[in-house]
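Subject: Structure handover

Hello,

Here is the structure I promised to pass on. Please open it first, then read the notes below.

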Amino acid sequence: MSEPAATSADGAPSPGPRARHALLKRLADVVSLPASRVNAFERSVVGDLLVEMLRLAAPEERRRVAVRLAPLGEVPDSLARLLLRDEPEIAGVLIEQCAALSDSDLIACAAEAGMEHRFLLAARRNLSEVVTDALLAHHEPAVIEAVLRNTTARLSQPGIEAMVSLSRTHPQLCEHLLRRPEMRPSGAYVMFWWCGPDERRTILQRFAVSREVMQEVVEDIFAMAAAEGWQDPVSRKALQFIERRQRNRAAIEKSPYDSLEHAVAVAASGGLNRELAAEISYLSGIKPLTGAKILGDEGGEPLAILCKATGLSKTNLQGLWRSMRRPETMPDGNFHPVWERVMITYDMFAVDRAQTVLRYWNWSLSSALTPQLMQAIREGDEEALDEYSAPERAAMLALAENFGR
């Protein structure tokens, strides 16, 4: 179908726009020719000419060229750069449909274009780790959520850790993060502290792993370490994480209470104070800082984990709950939803898996807490997260609020 001739202001035919449209189409056709018809140098020169024309072309003309180029297996670099930085409606044609774009093209678009472009990029199929890292670097929640929803995108572990950190201030990301196959227990356990009830249940069901295999593999090493007097701090720390026993026998011998149950009973009858909370923590084989984090948690699930891991009964759990003056029932006589959730958490957990969660919390929240790390937490030094180990990063994130941040 022939196009109507354009007219100038005085009514005379104006062939310029029509000729431009035809020329753009023909040049785009040349760029689209197979390698048997046009070599790489020729394609590049035609691409450069197209770029110069498209700079002055109307948006609809640029969009038509983008549609023509999108199915190609090779697009001249200069042409790709121009169109990827164009208006989102034009750039989106290539972003969504053009398989010829390299990671370098996509990273440059993410860095130099706007948030709308990054949002479109986030939904592109088969994004590599380097491209998703480039998208995540801008810390835009809408873009990050789109990346997380993209089941064909691949995420790096540094990228996952960065999103775990960001989820502390943008909790809507938690649900999507937990669906990612790249998510690991280290990230899930620290994210637990700011997740909602549903996400917490997912974390405990999916990431609370057993240590049975580790226990079988290192069973004879406990005797070796004991024969050496537990002098090596590295192996001692690892074996403490793996061993089956949770309670601290040495603490029980020094304690004014006969047992952990005795300390809990005293708390239930007279209320929980700082000294008693610290003593319960020592008897449970965790540091007071970890115990304070668990006992002060509003959701209550960590308390259920503590009781199951240490072999305390549901009656003991109820006693600790009452010692903190937490509600058990509603005005209508039904269980308070938070207390009901705590009891369900207690019932759903095996002792070994509860110990895994508790020990990771203790490892990350206290064992890794050096004076330097405490200063970094107070100063908000999250820019230097890469300098710290996994448990140190977990402590930095989980304890930020406790240090007034």
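A residue is called buried when its relative accessible area is under 20%, exposed when over 50%, and partly exposed in between (1.4 Å probe, protein chains only). Buried residues make up 47% of the 405 in this protein.

Two points on the source. This is a predicted model, in which local features need pLDDT of at least 70 and side-chain atom pairs count only at pLDDT 80 or more, while totals for chains, interfaces and linings use all residues. Residues are numbered from 1 along each chain as its sequence is written, and side-chain values use heavy atoms, with hydrogens and water left out.

**Overall fold**

The protein has 26 helices and 0 strands. Both are DSSP runs, numbered from the N terminus: helices are H or I with at least four residues, strands are E with at least two. Take contacts (heavy atoms within 4.5 Å). Of those with a separation of 6 or more, 63% join residues 24 or more positions apart.

**Inside**

Helix α6 spans residues 103–112, and its buried residues are Asp-105, Leu-106, Ala-108, Cys-109 and Ala-110. They pack against α4, α5, α7 and α8.

Trp-321 sits in helix α22 (residues 314–323). Trp-321 is buried, at 1% relative accessibility. Leaving aside neighbours within four places in sequence, its contacts include Gly-300, Leu-303, Trp-339 and Val-342.

**Salt bridges**

Side chains of opposite charge can pair when their charged atoms come close. A salt bridge here is a side-chain nitrogen of Lys or Arg within 4 Å of a carboxyl oxygen of Asp or Glu. The whole structure has 19.

- Arg-149 and Glu-145 pair at 3.2 Å, N to O. Both lie in helix α9, 4 residues apart, about one turn of the helix. Arg-149 is exposed, at 54%.
- Glu-261 and Arg-247 pair at 2.6 Å, N to O. Glu-261 is in helix α18 and Arg-247 in the loop between α16 and α17, so the pair ties together parts 14 residues apart in sequence.
- Asp-347 and Lys-314 pair too, their closest N and O atoms being 2.8 Å apart. This pair links distant parts of the chain: Asp-347 in helix α23 and Lys-314 in helix α22, 33 residues apart. Asp-347 is partly exposed, at 48%. Lys-314 is also partly exposed, at 30%.

Shared partners join Arg-200, Asp-297, Glu-301 and Arg-341 into one network of salt bridges.

Best wishes
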